[in-house]
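Student: Hi, can we go through a new structure together? I'd like to look at side-chain contacts.

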Amino acid sequence: MVVHKLQLPISEKLFWTMGNQNLTIGRAIAEFVDNSFDARIGTTEVDVDIQDEAIIIKDTSSGMDISSLKEALIPSESRERTDSVGGYGFGLKTASAFLGDSLELVTATVSMENALLLKIQNPFDGQSDMSNSTYTGFWEIDVLEIPKDFTQGTIIKISNLRRPRQINDVESVINHFSKTFAKFLQKGHFSLRVNKTPIIPYNFDVYDSRSFKFTVPNKNGEVCEVEGWVGVSKALHKSTTADSENGYHLYLNGRLLDYNSWIGLERHPELRLLAGEIYLTGFKSNITKTEIIKESYEYILFYEEFERWLKDNSIRKFINEKTKEFTNAEKKNKSSRKKSEKNEVNSTKDNKKPSEENGDKQPENSPPSNDLSDFGTTNAKTSNVDSSNKSEVTQNPPDKDNKTQNNGLKVIRNGWVDAFQLEIYIKKVKWRVLFKEGGKSNQICDINHHEKEMTLDSDRDIFKRYVEYVQKHPQNYST
């Protein structure tokens, strides 16, 4: 077996210290995806597998020979191309050391007969203080040649993870990738999957917008390009909360740096639906690609020019007017839908037999019964279930070992499986309550004031306690 001795002009201590960054799991793994994108040949495939004990990233990009592998392990060394998103050559080092204390890498180019295998382990694992370390000077690493069972590409495995696996890690990474690599995915430059789930590029649903395009010089007089659009999104959902989908998406060389940020205009309720995309070329970001360098010569000029454009084109007034126009139209549509639903309900009541009207049913505005057996019967309320989902509403027989069947209606709604639904009145306002296994983003309760909906964890005990509370406090939950 052939063994290559790589002598790196850095200390082992420096490599593992580079993991001391303020990153998220999504931003860290994105560094590997950046490298896969920069090393692409044609359309590359990237698969991310987030496991309890390890994180694995596989790609079908160009792969690395022994020289390229050495460059990848040295900080500030990188194989940049004109449309590179990799940045400063710190990605693999920073992300590996941030995520875990063990790195295993297998790589090969199309022309190589064998693949290269690299394994390194953090010798400081468990040590909070590296100051007394003798690991200085150069760093020698063994790289083995092994049989090659793929055409080209790289496989990276991070284990001995530094942070515990969290229940929403996969969802968080999928959402981050959906925005970060949206433009590349839309153009078909590569395909990306996380735990076998294909990443769908994020798109603003825009009501109206205005475009801009200009250039500014950097300190050396080189041209830095700026273009994008500002408009009103249709994302009313959570538009006034910290989880808002609105604000600017800021891109550098086509790769998203930051999202839901505000530039040039101060936050204000009138601008709650403001959205936009700003594409920068020739600017600089920080090493971890989490934000643009705002004190750079070119960014200060961009900011001044962008503020001028916003003012000259009365963008604040435009956003305010279009926000009111869209929200008023939505109110009318909602009122029309409610009126239509009410007419359908009244029509159904008119067609009922007298014996049915005088049955043992609860009044429309009364609190829900504390008897859970009501849920899933023919008396359960289903008027607010979308007609497109009616075929998926089932009535399951009781089963003490099955929460879904025991709690009643099985509703498939907005991609949520096994959610339970009821309607209540809170301060004379009708709310739709959705019970979902695991809650939303692992929360016990999530409230959407605009849609008058709340999502509660459908755990059996929480479900029972909530219904009991409604029963005991009718003054708060009924007209």
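**Side-chain contacts**

Tutor: Let's begin with a tyrosine. Y207 is partly exposed, with a relative accessibility of 28%. Keep in mind that this is a predicted model.

Student: And F326, buried or exposed?

Tutor: F326 is buried, at a relative accessible area of 5%. That is below the 20% cut-off for buried.

Student: How many aromatic pairs are there in the structure?

Tutor: The structure holds 20 aromatic pairs. One of them joins F15 and W16, with 5.1 Å from centre to centre. Their planes are 75° apart, which makes the pair edge-to-face. Both F15 and W16 are buried.

Student: What about the rings of Y207 and F326?

Tutor: Their centres are 5.1 Å apart. The planes meet at 45°, so this pair is tilted. The pair also links distant parts of the chain. Y207 is in strand β10 and F326 is in helix α8, 119 residues apart.

Student: Which rings are linked into a cluster?

Tutor: Ring pairs connect F212, F214, Y248, F283, Y299, F302, Y303, F306 and W309.

Student: Switching to charges. How many salt bridges does the structure hold?

Tutor: It holds 14 salt bridges. Take K322 and D208 as one example. Their closest N and O atoms are 3.4 Å apart. K322 is in helix α8, residues 315–350, and D208 is in strand β10, residues 206–217. The two residues are 114 residues apart, so the pair links distant parts of the chain.

Student: Is K322 buried or exposed?

Tutor: K322 counts as buried, at 18% relative accessibility. D208 is partly exposed, with a relative accessible area of 23%.

Student: Which other residue forms a salt bridge with K322?

Tutor: E325 does, with the closest N and O atoms 3.6 Å apart.

Student: Where do K322 and E325 sit relative to each other?

Tutor: They are three residues apart in helix α8, so about one helical turn separates them. E325 counts as partly exposed, at 38% relative accessibility.

Student: Which residues are linked in the network of salt bridges?

Tutor: D208, R210, K322 and E325 are linked in that network.

Student: OK, new spot. What does R165 pair with?

Tutor: R165 forms a salt bridge with D52. The closest N and O atoms are 3.2 Å apart. This pair links distant parts of the chain, 113 residues apart.

Student: Where are the two residues?

Tutor: Both are in loops. R165 is in the loop between β7 (153–161) and α5 (169–180). D52 is in the loop between β2 (44–50) and β3 (54–59).

Student: And D52, buried or exposed?

Tutor: D52 is exposed, with a relative accessible area of 52%. The cut-off for exposed is over 50%. R165 is partly exposed, at 31%.

Student: Last topic: charges over rings. Which ring does the charged end of K179 sit over?

Tutor: The charged end of K179 sits over the ring of Y202, 5.2 Å from its centre. K179 also lies over the face of Y259. There, the distance to the ring centre is 4.5 Å.

Terms used. Residues are numbered from 1 along each chain as its sequence is written. This is a predicted model: local features need pLDDT of at least 70, side-chain atom pairs count only at pLDDT 80 or more; totals for chains, interfaces and linings use all residues. Side-chain values use heavy atoms; hydrogens and water are left out. A salt bridge is a side-chain nitrogen of Lys or Arg within 4 Å of a carboxyl oxygen of Asp or Glu. Helices (H or I, at least four residues) and strands (E, at least two) are DSSP runs, numbered from the N terminus. Buried means under 20% relative accessible area, exposed over 50%, partly exposed in between (1.4 Å probe, protein chains only). Rings of Phe, Tyr and Trp (its six-membered ring) pair if their centres lie within 6.5 Å; planes under 30 degrees apart count as stacked, over 60 as edge-to-face and the rest as tilted. A charge sits over a ring if NZ of Lys or CZ of Arg is within 6 Å of the ring centre and within 35 degrees of the ring normal.
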